[in-house]
Amino acid sequence: MQGYNYTMDNKYDIIVLGAGLGGLCAAFEASKRGQKVLLLERHNLPGGFATSFVRGRFEFEPSLHEMPDVSSIEEASGVVRYLKDEAGLDIDFVSIPDAYRVILTDKNVDVRMPFNVPAFIDAVEREVPGSRGPVTAYMDLCEEIQDTFRYLNEHEKDLHYGDLLKKHGNFIRTGAYSAEQVADSLKIPREARDLIYPYWCYLGVPMDRMSFSIWAALLNSYISWGAVIPKRRSHEISSAFIRGIQENGGEVCFNTRVDQVLTADGRITGVETEAGERFSCRALVSNASPTLLFDSLISPKTEVPAAARQNISSRKHGFSLVVVYLGLDAGPDELGLEDYSYFIAPHMYTDQLYQKIHELDNEGIMQAAVCLNIANPDCSPPGTSILALTAGFRSEAWAGVTPQEYFNVKGSIAYRLITQFEQATGTGIRQHIEEIEIATPQTFARYTGAYDGIVYGYEPEPWDSIVPRALSAGNETYFANLQFCGGFSFRCHGYGSSILSGKTAVDKTLEFLEAQA
Amino acid sequence: MKVTIKGPLRDTIAFVRTLKKRNRVFKKAILKSLSPAPMNLLAAALHPREQRMRITAVKQDTPSTRTYRLEPEDEKDSLAFFRAGQYITIEETVEGTPVSRPFSISSTPDEAAQNNFYEVTIKTGEDGFFAPWSQREWQVGTRLTCSEPSGTFYYEPLRDTRHVVCLAGGSGITPFRSILRDSLHHYPDVRFTLLYGVTGPNELIFGNELSALQESYPDRFSLVRVFSEETEQDRVHSGAGQQNETGFITAELIRKYIPKRGGKSGAKTNEEPALPSVFICGPPAMYDFVSCELEAFSLPPRRLREENYGHFAADPAQVGRDNKPMGWVITVKKDHGSRHAGQKKVLTADPSETVLTALERAGLNPPAFCRSGECGWCRSRLVSGEIYVPEENDGRRQADLKFGWFHPCSSYPRSDLVIEVPRNPIGRRR
């Protein structure tokens with residue numbers, strides 16, 4: 001190649017593999033702290049799933065539904081506070097008015113759920129009289145779990161069991177159980193769970209297998225703090241990080257795929273790109289998943305310890321998504337769209353809903369729909385709106401789809417999701433479609449390189465939730481100068497977790513490098 | 001409040017045991033190779049980073065037009081499947097200058113899947129640089145590197161009407177050759193009317209093929225040839241479903257071929273909207289003319305699809321404003337970092353050319369697909385300086401506007417510029 005052949009220095013303190021949210025945060029933090037940083041990204045855009053795309057008059061949000069908004073809560077720590085105050089990034093946020101509208105078509109449920117815990121409990125009580133007591137206890141418990149996570153964050157380095165047990169007994173006593181087991185124990189009526197559970201799809205594990213701890217933290221953070229989105233799609237977050245990295249003197253290379261992670265003597269020594277360039281580093285922060293790294297990227301393969309391969313073989317990979325992005329030529333008023341976030345399903349039995357996503361042609365799946373204009377009225381021209389319909393799918397369900405079948409298969413899923421949305425909400429949207437794109441696990445694999453197009457990381461069952469992951473971190477460090485960030489790392493998936501994991505990865509990397517020096 | 005699930009002690013023990021369970025699960029693991037995963041393989045099949053091809057046949061369609069058949073250089077490779085109407089970008093080096101051009105695939109997706117070829121059809125006269133060069137240089141055996149198929153100019157059953165009006169001008173027929181053959185075969189409930197404008201019968205590309213297609217689908221495909229010069233049109237077949245007209249594709253002409261609502265039976269078909277989806281592809285002069293004519297129909301934007309690969313009309317009053325006689329200086333920093341300013345490349349840009357063209361003319365190798373401002377593949381950082389972007393070709397993201405990123409392919413320099421351009425991952429020259 002001639003032209004833009006990169007003739008960079010080839011020695012770095014820290015190489016960050018992948019400019020997804022975790023990688024962006026890691027490169028930002030490492031460069032801020034004076035490290036010589038190289039961020040390598042295969043795509044021509046930063047962000048991974050946190051990006052945007054333009055079709056005609058519309059700029060679509062590919063993945064973000066909402067981020068919990070901590071700005072209103074003084075003592076809260078969380079991702080929005082990190083982005084604004086700690087990282088000081090220039091991102092404009094807009095607020096989401098209500099938590100969600102849940103429509104369960106087989107159960108005749110159609111309820112708008114508000115943010116704010118007392119209002120949320122009131123809404124459940126109105127629909128399920130007599131539920132106030134147990135639901136209040138449940139929400140209190142969720143708040144307590146969230147508090148413990150804050151405590152864990154603050155004591156990341158000096159954590160020990162005794163202290164945790166003494167001060168945070170409820171966290172410990174519920175920590176081994178699924179969200180369903182805890183709800184059973186607190187005698188939450190089934191009808192109340194129908195209203196409380198819709199966020200399960202943000203984690204993608206059915207409630208009878210989902211770690212209660214992570215569920216409680218998620219539910220509490222949304223309901224008690226409210227939620228925000230960036231004004232210019234999540235590409236604004238990613239672009240703000242890139243600006244920050246460049247201002248800090250970090251280097252970013254787009255269109256640069258890493259094909260090999262080089263090792264010697266149990267250490268990562270550098271990377272080799274598809275163009276054959278080699279860059280060496282003292283430490284690697286990988287936004288690529290452990291699965292990709294240990295199964296295919298590390299070279300020579302014999303350097304991958306058996307334990308690392310056991311690790312990635314035993315963990316359950318999360319699900320992927322199908323998203324139908326619609327640019328509509330009528331405003332939300334005209335269409336009758338009043339809500340930002342809709343959760344639509346025949347019922348809220350999450351184990352059954354999860355089963356459905358193992359095949360492509362099942363009826364009665366759950367969808368999460370977002371009308372961006374309700375929170376962000378200027379996101380598209382006057383008299384238009386942006387609607388995105390999202391459904392989880394296991395990537396395996398797509399495994400047999402050939403290139404020739406692909407466009408028809410996704411078209412028929414889109415047709416069903418549009419129909420389901422119209423029937424549940426009583427709106428007519430299909431005659432207003434001006435732009436339509438349909439993303440599938442293939443699409444996510446294409447743009448992010450994620451293993452099997454998976455959007456979520458490993459499923460957070462109780463044994464593979466945040467706390468077991470954090471407590472096992474020492475045992476499961478297979479290369480001393482390698483840290484992971486992103487949705488497959490210890491904080492589990494989601495925007496906030498992915499971003500903050502980048503900071504943790506840098507903390508740990510610097511600890512390691514300082515110990516070396 | 002103290003919460004217990006199965007008893008305080010049991011709960012605590014259970015918590016501690018989550019770690020034991022974790023270790024137990026790992027120990028029991030059956031080691032297997034996980035990669036490559038099916039979705040990564042499907043992505044690679046549908047969207048290869050590049051496709052290396054060779055020309056296996058050349059057909060002279062008209063005196064000024066040739067169709068090239070492209071097959072994988074390595075017979076074991078499969079060409080990427082696509083949606084009829086999409087284009088590929090061919091990367092070439094013309095007289096020492098690396099350039100890329102998007103061309104609609106004029107063959108069908110089925111032909112790619114079953115016979116492993118694409119066809120592209122190139123007419124001289126509309127591109128004064130690349131097309132004549134390709135006609136001189138390309139022959140059977142020539143090797144080419146091209147992109148994956150891309151673009152959004154395709155029939156989409158979830159959006160478009162069951163009656164589609166196609167307006168083609170000159171070589172703008174190329175995507176329609178693919179769309180018509182593919183859709184007539186795969187969408188039995190969709191009808192097409194093609195109004196195909198050329199100067200005269202000699203310039204009809206795929207004339208015989210289109211006639212034959214009309215005869216195969218007499219109820220669902222109407223073919224209207226529109227000759228701008230009134231000569232010899234008698235010798236072009238016309239009959240049921242195939243008409244010849246003289247002049248241009250005017251509102252009056254379009255109206256003549258848009259059937260009335262409700263169809264012959266008079267039965268009300270609520271499904272069918274009053275106005276059909278209209279697809280347009282042709283040279284810039286045709287767009288300008290047809291766009292004005294279509295105003296009479298007040299088509300909502302959802303009923304209008306355009307392919308304009310690289311042809312767009314910048315406002316002459318904007319381009320070259322404050323024209324400096326020597327042109328603007330563009331300083332290209334070679335990477336996104338700030339540490340390598342020493343390796344910058346400086347070039348001079350003619351104010352009437354896009355930044356992308358200036359980069360290519362200077363022998364650089366920037367990424368580029370659509371050349372219309374739409375796809376964003378050339379997205380680069382504008383460190384300093386002022387650019388002009390024609391409004392209809394401004395596909396920039398809102399955050400890119402905020403943080404100073406732009407699309408060189410649809411941007412004209414208005415001052416000296418300092419920019420950063422990402423590398424082109426497609427290996428052009430070998």
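Is A:Cys371 counted as buried or exposed, and at what relative accessibility? A:Cys371 counts as buried, because its relative accessibility is 0%. Keep in mind throughout that this is a predicted model.

**Cysteines**

Let's stay with the cysteines for a moment. Searching the whole structure, over all chains, turns up zero disulfides. For A:Cys371, the nearest cysteine sulfur belongs to A:Cys379, 7.3 Å away.

Now to a sheet in chain A. Seven strands make up this open sheet, with mixed pairing and the order 8-7-16-17-18-15-19. Its edges are taken by strand 8 (109-113) and strand 19 (433-439); each has a single partner strand, so one side of each lacks a neighbour in the sheet. From one strand to the next, the twist averages 15°.

Within the sheet, strand 7 (residues 100-104) and strand 16 (residues 341-345) of chain A run parallel and pair over four bridges. One residue to look up here is A:Ile103, whose bridge partner in strand 16 is A:Ile344.

Helices join the picture too. Helix 3 (residues 117-127) of chain A packs on the sheet, where it touches strand 7 and strand 8, and its direction makes about 160° with that of strand 8. Helix 17 (residues 403-425) of chain A lies across strands 7, 15, 16, 17, 18 and 19, running at about 105° to strand 16.

**Helix 1 of chain B**

Over in chain B, helix 1 (residues 8-27) has 20 residues and reaches 29 Å from its first C-alpha to its last, close to the expected 28 Å. This helix also has a kink of about 35°, centred on B:Arg17.

Which residues of helix 1 of chain B are buried? They are B:Asp11, B:Thr12, B:Phe15, B:Thr18, B:Leu19, B:Arg22, B:Val25 and B:Phe26. What do these buried residues pack against? Their partners lie in chain A: helix 5 (161-167), helix 6 (169-174), helix 13 (306-314) and helix 19 (466-471).

Terms used. Residues are numbered from 1 along each chain as its sequence is written. Chains are lettered from A and ligands numbered from 1 in the order in which they are written. This is a predicted model: local features need pLDDT of at least 70, side-chain atom pairs count only at pLDDT 80 or more; totals for chains, interfaces and linings use all residues. Side-chain values use heavy atoms; hydrogens and water are left out. Helices (H or I, at least four residues) and strands (E, at least two) are DSSP runs, numbered from the N terminus. The expected span of a helix is 1.5 Å times one less than its number of residues. The bend at a residue is the angle between axes fitted to the seven residues ending there and the seven starting there. Buried means under 20% relative accessible area, exposed over 50%, partly exposed in between (1.4 Å probe, protein chains only). Contact means heavy atoms within 4.5 Å. Two strands pair if DSSP finds at least two bridges between them. Axes are lines fitted to C-alpha atoms, for helices over the stretch in contact, and angles run from 0 to 180 degrees between N-to-C directions. A disulfide is a pair of cysteine sulfur atoms within 2.5 Å.
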